[in-house]
Structures are given as structure tokens and as C-alpha cells.
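Good morning, and thank you for joining this group meeting. I would ask you to look at the structure on the screen as I go through it.

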Amino acid sequence: VKAGGVNLALYGIGDNNAANNKEVTPSFSTSSPYELFDDFNIGDKIKGGESWEELLSYRRKQRNINLAFYVDKVAMKRWLPTIDIPVPTQYYNRYSSEMPENDAFLRLGVESSVNEMIPREMSYVAKPSHLRHSDGVVLFRYLKPVDDPVVVEDDRGRVFIGRYNSNMKEVVDDMEQVSQKVARYIAKHFKERVAVGSDLDSYDEYFWALSQVTPGLVIEERITLWDDDMRPAMQFQLFVIFGRVYIARWVRGLSPWGLVNRDGKVVTWVGMPDNHPEVPNWVDWPKVIETAERVGANKDMIRVDIFVGVSADNLEVLDENASEKLRKDAVKIVVSDCDLSPELLELEQEPSIMHEAARLWISGYKTGNYKVVPNTEVPLEYRKTGKLSERPSKKNWIKTKFTLSKFESMGVNLAAYRMPPSEMDDIGENEEPFELYDNFNIAANITGNENWWDLVAYRRELDSPGLNFYVDKVAQKRWLPTFDMPTPRPFLCRYASEIPTPSANAGIPSNVKTIFTMLPQESNYAAKPSHTSCSDGVWLVKYVDGVTKVAAGGGIMNEVGDEALETIARSLATNLRKNPREMESIALKEVTHGFVVEERFTGLEADDRAAMEFKIFCFWGRVWIANWRRGHNRFGLLHRNGTVVDWVAKKEKHESLPDWVDWVRVIEIAEKLAQHKDMFRVDMFVGLPASSPALRDGVSEEEKKAAVEIVISEFEVHPTTKFLDPRLFEEASRLWIAGYKKLNIKTIPNNEIPRSFLETKEFSAPSESRVWVETRHTTKDFQVAGINLGRYRMEAGRNNAKETGLLKATEKPFELFEDFDISDKITGNEAWWDLVTIRIGLKDKPALPFYNDKVALRRYLPSVGVPMPKSYALKYGTELSDTGKGTNEMIAVASMLPEDHDFVAKPSHSCFGDDVWLVKHHIEDG
């Protein structure tokens, strides 16, 4: 064993036993010294007689963050490929800090996040990045159905699962149940971290470097052999001492198969099994040695663990009829792990083996020609942070049943992104650039390694002016009709700033009472805050024949009393003061608080359930998939062509869309709204307004279908929808990333958002956009100057009285006193308390006080023939001195009170009954 030209094997043998110096070989002066990384140097501790365990104790107590790098499985799996050292194909490797935080995960925490990353219908190994040996390691084997290469609903293949130290066993649970169990098992290790503390230094088992590794997770390709795929992979654990392999422990799982020397010969030893006399001829042993020594370079001792075998998903090679050549050509040599403090295990049966390892390790320091040099191998990022970022575009995308073969935007097939035979990004395939609104752009964040929740997190944290416009429900309901996009009829859309301010002096009631008076009476509607998501604060109201039914959220409606409407008003008022949940997007948190009350939609059955809804996910202006549902009840998923997706939650009764759904129109609307956006979700109702005449008794099915409407419910830029099968969102993330990697993109200013919104974060309602609801109190005949005001905006297609054609040139116009005129403030959307507030706020109207002046009115009205109650005293304060009682106001007023008449006494300038007195004289009894 040579290092720096010195044969370390001569140390301590024969005449050299006492010669612990560097003159045992004449080649010392002419050979370049072995460059030993300073992090590994324990030369100042070496005495010369240490055992293997004593040497490991030195290593375990070294406090150097660079050593943690070599036992950090996430860092090593990201770093080794950068120096062309192969590792198993990586499906996911993440530090716990890289697990995307999302509201969808709050209920299950890390477990749910891990579950999103676990491959389906593939074989894999999942293991914590920060634990030793086989702790937390799970082996997963998947076999597709024998007769059908495509997994179908009634036969999802066979699933086997096991620990690293055991053969895998078949389980009867379905794929999702198994994945959830695996996620639960792995997730619990995220909370485990090797104990840290100076009080542990005295324990031999305490390994400081391992204690510094950030908890994480590695999910990678499972390597196996063709002889028995139920067992763990074949592995060589190579002890590399001063850059040279000393011996390799040959194992399969925890079963020892033998020891192999550097020359590839099986070593005879006490614990040697009889059935493995030599390394198989298909093992490229020189390549194994080369790989191990490349990793072991510049180190005094490291164990490099290498798998030799084939991918567990290479079914052609694993077939029992596969040729020897096919198998040999498919063999992989990949680095599994590294260990700086390896256990002895069965090697303790023959201590001389590790005594020799210790002698060589000591020899490197006592007789070796070495020079301590700085560690240039550990990346600077890791030295500073204790973590290593993943390289851009190094994620291995897995082809599944949901992987599309075609998904075009600007003539570019985004579905080809990083799927064979297309492995490159091919940026700029489209001559005409995709014009992307600047406030949707997340190109600076994209590495190409993201999963769905990483991308959603980018969007959640995107602080772009104007992005809040798309999640502001008030703005949406006011803006969409301005360019003929269909929405449910808005009964009431208000920002908090548009609600009259409560005032005891002015008689404006509390927000709860004001909102209550604004709510549609005897009507069907949906009420919801403008600034929440996930059905928070949503109310559905159904009114039929005097009976009101209500549901909170998207549930089933139940009959309620009159107090329920006040509950809804109180909920809307309370939400005006409540902020969105912490895990919501910055865009939603920027939305001005308000609420929307709109026409409720339902199905053709007019039942007590929520409307049929399609939540449509669009990427780069094109529909990917639609979530088909009614309230919380998911019916299925739909492809862009309208066919139902075959997935784990597919329902037989929803095999196809109803024939009354105009799917072409749905797609047309969604893609028009998704233009210039990388990812956008458009939610639409398809059905009938709950008050539609088509729902009355006696209407035929065909008439109902003909009356069906398609309306836009809302948008979402930060969707938190969670599907049962994570492979769906793997495809979604691939398509989202593909646009940034394959398209020629031109970022443009967003000219879709009204400038007034950018300036104020509010979008004013267009005039006469409010929909009025006809009730039993609606006036049908209210004639003024030849116009029936009672029909104002109660007839379809007529916006205002002047458009009805009833105003004739010969009609005398209504003469309105100028002091009362508020026409410049009227939009046609006002409720009662809005109008009162306008009137209260009028200034510079000198005549208006006259109509509130009780003294003036009682003096004036009789003069024009308007009867008033008989007045016993009418006085302004300035007139009290006329009574002859001097300046004592109390005496003056008392002298005017009738002693033999019943009367009412009140101030002339107050209202609401303030200081009003009713007096009745009982003359007969005094």
C-alpha cells in the first residue's frame, strides 16, 4: 500500500518495528508527497499503537464542518455527478429546509410533503440523509401487471416493501396507502438529529461531523440483481487508506458475502461464506477500484460504498430469459454512500483484518510522505451554510401514465421537455416570442429541479405589483363584464372603504346592520369575502316558497330561520377585519378587504348542493387539466379534450361529461384569460342560475339544457389544490418549467390591469352594474313625470329608465330643486345607506337645513296649506328673551308649557327622539 511513494505496509514489520520515521524507503526524496486535506489530518494525535476503534474515536471527535460534507447523503448525491462519479438516478434529494411549505401541508406537515415526492409505479430506495447505517431506509419494488404494460384501474400491479436489512415482502394495500405509510415512516426521521453537545465528547459513539448534517431525504433508483429481486442490492464497502483501497467488504443488505482485496481476489478469513469464492466476472473490478480511489483521494481514511447491479425498473434485463450479454451491458457501478467512522460488524470475528487496517492508517502518518493541504473539494457554499444546492436542470423526470406526449405553446411542444429523445432545454424554438406579463415572471427562480410545491412557493412569495388584481374577487366581478366575460350576476360587490361609516350622530348603523340591509331578500345567492381562499367565509343561500336554506362553504344547504341572514352579515363584516391565513400568497395578502354577493348557480336538478364547477389549470396560455367538482365533492379530472383522466379517484358514474356542457366554450374562455401568463387557474361554473325560470316545474329537460350558462367564478395564481396522485402535479411542474426552459420569452408590462387599480388597489364598479333582485316588496308601479320608476332595471336588457322608450318629448320633466340634486354622485349601484351617506355629506346647500328645522316647517307649511299639529309655542333660542322672563332659559321655556292641554315638546334641531317629551293631563283627578 503506497502513499507518496512510501510502502505503508512495511510499517512496524520486522526490522522496521522501531523505525517510526520516513527513511524506510529510498524513494521518499524523489516522489511527490501525498496531499492530505487538512480537515482529515489527525497526525498530531497519532502515537503509533492505536487500535482501529481508537483511530475512529479521533475521527468522531474532530470538529470540522467539511467532514460533515462526506456523510451528508444529500450533498454527496448532488456533488459526485459534478466530478463525473456516478450515483443512482436521483428522483428526489432534499434537505428539510427545502421542503416546500404550503397550506395544503399544514394538516400533515412533513409527512404530506414527503408523500408528494415518492415515485409511483417505480422501484426506489428512500433514506434519511443524516442518519447512519440502515436507519430509516425503505426499499420499494413495483411490478407492473404481467399482461398489460399500462397500469389500469382494476389491476394496479404488485407492490413489495422492505427495510435495508431484510427481503421485501408483497403488501395488499393499494399504491397510495403504501406511499402514505412510507412517507409517515420517513417523515418521522426529519425530527431526529444526531445528538449535539460538548457533554457527549466523552462518549466513543458520539460523531460530531454527523451531528452537523442537516436532516434531509434521498429518494433514488433502486439497484438490484437479476437472481432475486426481493433482496437488497449487491454492495462493496471499500476501505480507502491514504488514497488506496485496502480491502472491500462484499455484502448484500446486511448479509456478508466476503472480503475482497484490491486485486479483486476473495480473502480467506474466519467468517468467509462458502458460496461466494470469487467476484462475478460481470463486475468491472478495476472500475470499482478507480471509483473508490477517486473519492478517497486526499484523505487518510474513508469507506466508499458502491452498488454493482442493474436498475430495478429495467424489466428487460430482469426477465428470466434475458441474455448474459444484455445483463452485463446493463450493469451499473454507482456510489451509494461514504462513511468516516465505519462499523466492524462481522469483521470482529477475525480482529487481525482491522488490526492491519489500523496499522496502515497509522503508517500513513508515521512513515508516509504526505503534505497537509487545504480542502479544495468541499464547495464554498457548504462550508458557509452546511448545505449544498442542487445543480440547475439535474432533476430526473419520470415518465408516468400522466406524462403528455404533446402540449404546444407558440408551436413548441413543451411535453418533450427532458423526456427522451429530447434531453436538452432547446431554448428559443419559437420564432415569435411568448409575451409573458412581467408580474407573473419567476424565471429568476427556476432551476429545473423544482416540484409542484416549489413552484407554488415561488408564486406565493412573488411580490409583484398588480398580481393581487387576479385574486381580488371584487375587482374580478367588476372587471370581467367590461370585456364581455360572463360572470354570475353581482348583487353586491363592496370594498370595506365603500361601506358607509357607522355614525350614531348621522344615524348610520353598524357594518353588520348595513350589510344585512344590503343582502338580497327572498333570493338565491352566494356571499364570500374578497380576500380569502379555500371556501373561507363562503355562504350559499337558497330561497324557495318562503323557505330559506343556507350552507357554509361548499356543503349541503339546510333549512334555517330568519336569524341566519344576520349570521351571514356578521360573518362578512367580521371578515372585513380579518387577514388571510399566514400561508397565503403575498398577492392575496395585498387584496383590499371586501366581499361579494352574487347570483348562486346550481345544477339542472336544482338541488341543495353547490354548483358544478371546473377549476382549470393553464400553462403558457393552454389548458392542461380541469378539476371537475361540485362543492367539496370531486367528480373527476378532465383532459383538455374533455375526456376523463384515468386516475386513482376516477368514478364510474362520472365516466364522461354531461352532454349539456359546452366544453369547447369552457376551453375558449379559460385560454383567453390565460394569455400572457405562465400558470393560471380559471374557475368556472356550468349550470343554471338558481333563480332561473328554467328550473320551474313543467320545464322540459331539453329546455333546461338550452338555458345552461357558463360563467367565471374566480381566478387563482397560487393554487393549493392537492390531488391524491402526486404524479399529476409532477407533470404539471414539468410543463410549467418547460415554458421557461424551451420557449423564447419576451417579458412585457401587464396592460390588462386597470391603471386605477395599480394606483389604489381597488377597482371602482362600472355604473349600473349592480343587479337588483325582485321581491314581494318590489314596487311595480311608481309613476313620476310619465316614467314608471318601479320597473327601473327590473326588465331584462333594460339598464335604466331613459332607455325604456317611455319618456316622450311632450312629457313635462320632473323639476328637482338644485339643493336636493345628487345626480353627480349616483352610479346606480347604491344601497339605502349609501344614499343616506351621500345626502348627509352634501355641503354648500343653504336650503337643505330648512327641511330639518322644526320651527321653520311649523311656521311655513300651514301658510301653503299643509296641515301641521297645533303649535302652543314655536321659538328659536334667540327668541326666548321675548317672553319677558329675562335670560333664564329654563324659566322662559317653563312659562310656555301648556297647563291645561296635552302636548309634545321637543328641540327644533335634534332627531332620533332626542329630548322629546309626551305630556298628558289627567284633569279629573288633578
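Predicted model: local features only at pLDDT ≥ 70, side-chain atom pairs only at ≥ 80, totals over all residues.

Let me begin with a question: does Lys406 count as buried or exposed? Lys406 counts as exposed because its relative accessibility is 55%. By definition, exposed means over 50% relative accessible area, buried means under 20%, and partly exposed lies in between, with a 1.4 Å probe and protein chains only.

Residues are numbered from 1 along each chain as its sequence is written, and side-chain values use heavy atoms, with hydrogens and water left out.

Now to the chain as a whole. The chain has 926 residues, and buried residues make up 52% of them. There are 23 helices and 36 strands in the chain; these are DSSP runs, numbered from the N terminus, with helices being H or I of at least four residues and strands being E of at least two. The chain exposes about 43400 Å², of which carbon and sulfur atoms supply 50%; accessible areas come from the Shrake-Rupley method with a 1.4 Å probe, and for residues only the protein chains shown count as cover. Among contacts in the chain with a separation of 6 or more, 69% are between residues 24 or more positions apart, where contact means heavy atoms within 4.5 Å.

I turn next to the interior. A nonpolar core is a set of buried Ala, Val, Leu, Ile, Met, Phe, Trp, Tyr and Cys residues joined through side-chain atoms within 4.5 Å. The largest such core has 91 residues, and Trp452, Phe614, Phe619 and Trp624 touch the most other members. Helix 19 (residues 726-742) gives this core its largest share, 8 residues. Apart from it lies another core, of 90 residues, including Leu56, Ile247, Val331 and Tyr365.

Which residues does Trp452 contact, leaving aside its neighbours within four places in sequence? They are Phe617, Phe619, Met679, Pro719, Phe729, Ala732, Ser733 and Trp736. Please also find Arg459, which is placed in helix 12 (residues 452-460). Arg459 counts as buried because its relative accessibility is 1%. Not counting residues up to four places away in sequence, Arg459 touches Phe440, Ile442, Leu467, Asp678, Met679, Val717, His718 and Trp736.

Helix 10 (residues 352-366) has 15 residues and reaches 20 Å from its first C-alpha to its last, close to the 21 Å expected; the expected span of a helix is 1.5 Å times one less than its number of residues. Helix 10 is mostly covered, with 11 of its 15 residues buried, among them Trp361 and Tyr365.

Helix 15 (residues 563-575) has 13 residues and spans 19 Å between its first and last C-alpha, close to the 18 Å expected. Its buried residues include Leu565, Ile568 and Leu572. What do the buried residues of helix 15 pack against? Their partners are helix 14 (511-518) and several strands, including strand 21 (525-529) and strand 25 (594-599).

Now to charged pairs. Side chains of opposite charge can pair when their charged atoms come close. A salt bridge is a side-chain nitrogen of Lys or Arg within 4 Å of a carboxyl oxygen of Asp or Glu, and the whole structure holds 48 of them. One of these joins the side chains of Glu220 and Lys127 at 3.2 Å, N to O. Glu220 lies in strand 9 (residues 216-221) and Lys127 in strand 5 (residues 124-128), so the pair ties together parts that are 93 residues apart in sequence. Both Glu220 and Lys127 are buried, and a network of salt bridges links Lys77, Lys127, Glu220 and Asp337.

Glu668 and Arg665 also form a salt bridge, at 3.1 Å, N to O. Both lie in helix 17 (residues 663-673), 3 residues apart, about one turn of the helix. Glu668 is partly exposed, with a relative accessible area of 46%, and Arg665 is partly exposed at 28%.

Finally, I return to Lys406, which forms a salt bridge with Glu408, the closest N and O atoms being 4.0 Å apart. Glu408 counts as partly exposed, since its relative accessibility is 33%.
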